[in-house]
Amino acid sequence: MNRFAALFTALDQTTSTNARVAALAGYFRDAPDDDRLWTIALLSGRRPRRAVTATNLREWAAERAGIPLWLFEEAYPVVGDLAETIALVLPEPGQTSDDSLTRWIGETVALRDMDDAARKAAIWAAWDRLDRTGRFLFNKLITGGFRMGVSQKLMTRALAAATGIEETALAHRIMGDWTPQTTTFERLVLTGDNEAATSRPYPFCLAHPLEAGPESLGDVSGWLAEWKWDGIRGQLVRRAGQVFVWSRGEELVTDRFPEFAATLDFVPDGTVIDGEIMAWRDGGVLPFQALQTRIGRKTVSARMLARTPVIMTAYDLLEQDGQDLRETPFEERRARLEGLVGALPADAPLRLSETVPAGSWGDLAAARETSRERSAEGLMLKKRDSVYHVGRKRGDWWKWKVDPLTVDAVMIYAQAGHGRRANLFTDFTFAVPDGTGSLVPFTKAYSGLTDAEFREITRWVRANTLERFGPVRSVPAVQVFEIAFEGIQASTRHKSGIALRFPRMARWRRDKPVGEINTLADLKAMLAAYGS
Amino acid sequence: MRDILTFTDRGIYCPAGDFYVDPWRPVDRALITHGHADHARPGHERYLSTAAAAPVIARRLGVTPQTVAYGERLTLGDATVSFHPAGHVPGSAQVRVEVGGQVWVVSGDYKVEADGLSEPFEPVTCHAFITECTFGLPVFNWTGQAELAAELNAWWRATADAGRVAVIGAYSLGKAQRVLASLDLSIGPVFTHGAVENMNEVLRGQGVALPPTIRVTPGQARADYARGLVIAPPSAMDGTWMRRFGPASRGYASGWMALRGVRRRRAADRGFVMSDHADWTGLNAAIAATGAERIFVTHGYTGPFRRWLESRGYDAHVVSTEYEGESLDTAATADETGERP
């Protein structure tokens with residue numbers, strides 16, 4: 001693992017993208033085939049499953065370090081990362097190891113079949129053969145939480161630099177249903193020829209948010225507008241008599257959404273459709289909350305299928321008759337898509353994404369204002385002659401979301417973050433007056449402030465803590481924040497009776513006294529106006 | 001057994017000798033352990049420190065402390081006091097107070113490992129020990145001095161070879177000189193921010209041997225910094241001051257750099273685990289070496305550290321003070337350099 005640890009250190013020690021690509025490309029040139037294949041797997045989220053519980057690991061680490069468990073638990077939030085906390089408290093190793101990454105991953109996989117006593121012995125033995133970085137990586141591997149802060153795009157760039165194969169081709173090759181056990185570096189990367197090819201999706205084309213007015217995009221006639229939906233972006237792949245459904249996170253979700261099996265009857269072999277998986281009933285979209293009840297489940301009951309059925313709203317056609325259409329202009333892809341799914345019966349789990357007619361940008365601006373009542377997030381603007389890019393590229397596709405809803409609320413609890421945000425209070429709970437003289441919490445928010453603001457609020461929280469409840473601190477209700485969010489729903493799980501979609505801190509309102517913030521009645525009025 | 005030191009809202013007070021140690025509000029007589037801003041504050045009537053710490057205190061506060069040598073005993077009222085090396089920064093001391101056979105030690109800030117520059121920490125036997133615990137959790141275990149120097153020089157060399165300037169953030173008193181003493185001067189020239197160079201001047205003036213440095217001044221051209229390493233207080237590294245160096249690699253020297261999250265948040269190219277405070281092992285060893293049964297913990301992870309000491313059989317207490325230790329939050333504490341604005 002030494003070579004891999006050196007790569008990790010090199011990546012961790014620089015914030016420069018070029019330096020990171022160079023370090024990774026160097027590794028991809030030199031490392032043994034098995035190790036580079038595993039590295040691609042790890043960096044593309046194909047991590048080995050968790051081999052040990054966090055509870056066991058903490059106990060075994062504290063015992064090995066000769067410290068009481070409570071002391072370990074005190075240190076953990078300061079470090080903000082379990083694998084790192086363990087690596088830091090353990091005594092110096094007694095031995096060294098030259099074993100390869102692949103060997104070490106083999107050891108972590110073997111842990112899964114052991115009983116607790118054997119597992120503990122094996123983990124202690126591993127800790128005794130690894131230095132601090134090696135232990136950190138090993139702990140990450142066995143807790144299933146391995147992330148290296150390297151995007152798939154950056155990895156693909158490095159792989160392209162190391163192999164001389166074009167980046168977009170590589171991005172496509174390394175997608176899909178493979179693991180290091182089912183393929184080789186040669187077949188996955190160099191020839192792109194393996195079993196995964198049948199189910200393999202295409203890299204998603206992503207849009208940037210439109211910040212300036214749409215007039216900056218030129219004549220409206222060059223553009224096609226569609227509603228932007230709040231579901232799960234996905235691809236439906238129909239090849240070799242089978243249907244595969246992929247989420248944008250490159251997860252194969254076919255079994256979670258058995259509805260799509262029926263598409264076998266509706267679309268021919270050699271078809272790939274890009275669309276949005278949405279909860280849909282009686283001809284209308286259900287709130288994202290409803291879809292959420294389906295996301296986590298691998299097996300779906302008949303009752304759930306009846307209550308929260310899903311469909312795919314088809315945005316684009318990426319493959320037809322086995323031909324890759326991504327270089328074909330969007331207008332033509334769209335025409336072919338209409339031919340394919342435009343005339344399907346109402347019970348088909350596929351529907352065509354409707355376009356928004358526009359004679360001018362003003363028409364679209366007016367249509368966009370109606371997004372919220374349609375349960376849409378806004379508009380998507382796509383250039384009629386655009387190709388289907390790999391990843392996020394500026395210029396051809398834009399998301400033009402409606403402005404968020406906002407309320408002013410007061411912070412009542414604060415909690416420290418993890419990882420990069422360890423030691424900083426970043427996770428806050430907000431409340432509004434309920435009309436009886438009490439404050440009712442209604443949302444949490446974690447993002448939206450600058451690092452400097454988080455540092456400042458952290459100092460304030462430290463100096464003004466009222467009570468501690470484990471990692472959570474209660475603070476006096478004086479700090480007012482503007483909370484922005486995308487949607488509002490009724491909720492029986494929260495005392496306030498509401499749940500927000502994508503809440504974040506838009507601004508720290510130092511100018512606003514608590515007496516002037518929004519109230520629960522304001523939120524209820526928003527729910528009545530915008531809740532679906 | 002009565003307490004010979006008490007904890008007041010002005011600072012740690014000795015009624016028998018009518019003096020304070022490192023007080024944070026103005027008092028008549030202040031014994032100062034070392035020149036860092038949270039320990040040496042302005043506004044007291046009389047100052048007492050080691051001869052080694054006095055020049056820095058004089059420079060920063062514009063006062064003239066009465067001085068004693070390390071180990072020299074002085075009678076103040078019914079108390080006998082003496083100063084003993086704390087190993088924290090050059091001139092730093094622990095203060096030993098003896099009243100009627102009772103011995104208490106105020107450690108100020110301290111570090112157990114010798115850094116080759118500060119007078120090495122000396123354990124002082126006592127009944128009660130007042131200790132910091134800035135890094136009082138078992139995740140803090142420092143890299144050895146030699147390994148640290150090797151890391152630092154490897155970074156400097158690679159940065160210079162890549163045609164960039166290496167800029168390292170380090171407190172101007174103590175850590176800056178430690179960085180300086182660790183450098184391999186065959187790599188290139190060493191530059192210093194004014195706050196650092198002011199401290200260098202004071203220390204050189206009192207006979208501390210430091211390698212040659214060049215003060216960064218407005219008249220210099222970018223080419224002058226070629227292959228250079230610049231030592232600056234962390235607060236200078238977020239500002240426009242950095243622009244003069246062109247493409248630079250940033251490093252930070254701090255005990256907090258032991259934590260990956262902090263390193264990443266700092267957006268530094270490199271973090272070097274260098275602290276002038278004791279690590280977990282150091283704190284425990286120092287406390288054991290005093291033979292004290294009563295321990296007062298002042299700043300840092302006081303809650304867990306007190307509980308840990310209690311579980312080891314000590315009579316341990318937390319006292320609240322206004323000492324800061326090593327700031328986690330370098331960008332936000334402009335006064336950590338000790339320079340008055």
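Predicted model: local features only at pLDDT ≥ 70, side-chain atom pairs only at ≥ 80, totals over all residues.
**Entry 1. Chain A overall**

I began with the secondary structure of chain A and found 18 helices and 22 strands. The radius of gyration of chain A is 26 Å, close to the 24 Å from the globule rule for 532 residues, so chain A is as compact as a globular protein of that length. I then took the extent of the C-alpha trace of chain A along its principal axes, which is about 75 × 65 × 50 Å. Of the 532 residues in chain A, 52% are buried. I looked up the contacts in chain A with a separation of 6 or more, and 70% of them come from residues 24 or more positions apart. For the accessible surface of chain A I noted about 23200 Å², with 49% of that on carbon and sulfur atoms.

**Entry 2. Domains of chain A**

The UniProt annotation, from an unreviewed entry, reads "domain: ATP-dependent DNA ligase family profile" and covers residues 303-434 of chain A. I computed the make-up of residues 303-434 of chain A as 19% helix and 39% strand, with the end C-alpha atoms 36 Å apart.

**Entry 3. Chain B overall**

Chain B has seven helices and 19 strands. Its radius of gyration is 20 Å, and this agrees with the value near 20 Å that a compact globule of 341 residues would have. The C-alpha atoms of chain B fill a box of roughly 65 × 45 × 30 Å along the principal axes. I noted that 63% of the 341 residues of chain B count as buried. Among contacts in chain B between residues at least 6 apart in sequence, 61% join residues at least 24 apart. The accessible surface of chain B is about 12000 Å², and carbon and sulfur atoms hold 50% of it.

Chain B is assigned domain 1 (6-139 + 276-319) and domain 2 (145-273). I found 29 Å between the centres of domain 1 of chain B and domain 2 of chain B, over C-alpha atoms. The contact takes 18 residues from domain 1 of chain B and 20 residues from domain 2 of chain B.

**Entry 4. Helix α5 of chain A**

Which residues are buried in helix α5 (residues 69-79) of chain A? I listed Trp70(A), Leu71(A), Phe72(A), Ala75(A), Tyr76(A), Val78(A) and Val79(A). What do the buried residues of α5(A) pack against? In chain A they pack against α4 (54-65) and α6 (82-89), and in chain B against α6 (280-290) and α7 (302-311). Gly80(A) follows α5(A) and has a positive phi, near 80 degrees.

**Entry 5. Met312(A)**

I picked Met312(A), which is in strand β8 (residues 310-320) of chain A. Met312(A) has a relative accessible area of 0%, under the 20% cut-off, so Met312(A) is buried. Leaving aside neighbours within four places in sequence, Met312(A) is in contact with residues including Gly234(A), Leu236(A), Phe260(A), Ile273(A), Ile277(A), Pro349(A) and Arg351(A). I also took the distance from Met312(A) to Leu69(A): 243 residues in sequence and 49 Å in space, C-alpha to C-alpha.

Most residues other than glycine have a negative phi. I noted Asp321(A), whose phi is positive, near 50 degrees. Asp321(A) is in the loop between β8 and β9 (323-324) of chain A. Is Asp321(A) buried or exposed? At 60% relative accessibility, over the 50% cut-off, Asp321(A) counts as exposed.

I noted Phe502(A) as well, with a positive phi near 55 degrees. Phe502(A) lies in the loop between β21 (498-501) and β22 (504-508) of chain A. Phe502(A) has a relative accessible area of 42% and is partly exposed.

**Entry 6. Cysteines**

Cys133(B) counts as buried, at 0% relative accessibility. Cys205(A) also counts as buried, at 1% relative accessibility.

How values were computed:
Residues numbered from 1 in each chain as written. Chains lettered and ligands numbered in written order. Heavy atoms only, no water. UniProt positions renumbered as here; feature names shortened; annotations may be inferred. Helix = DSSP H or I, 4+ residues; strand = E, 2+ residues; numbered from the N terminus. Buried < 20%, exposed > 50% of the residue type's maximum accessible area, 1.4 Å probe, protein only. Rg over C-alpha atoms; globule rule 2.2 N^0.38 Å. Contact = heavy atoms within 4.5 Å. Areas by Shrake-Rupley, 256 points an atom, 1.4 Å probe, with all protein chains shown as cover. Domains from an automatic or database assignment.
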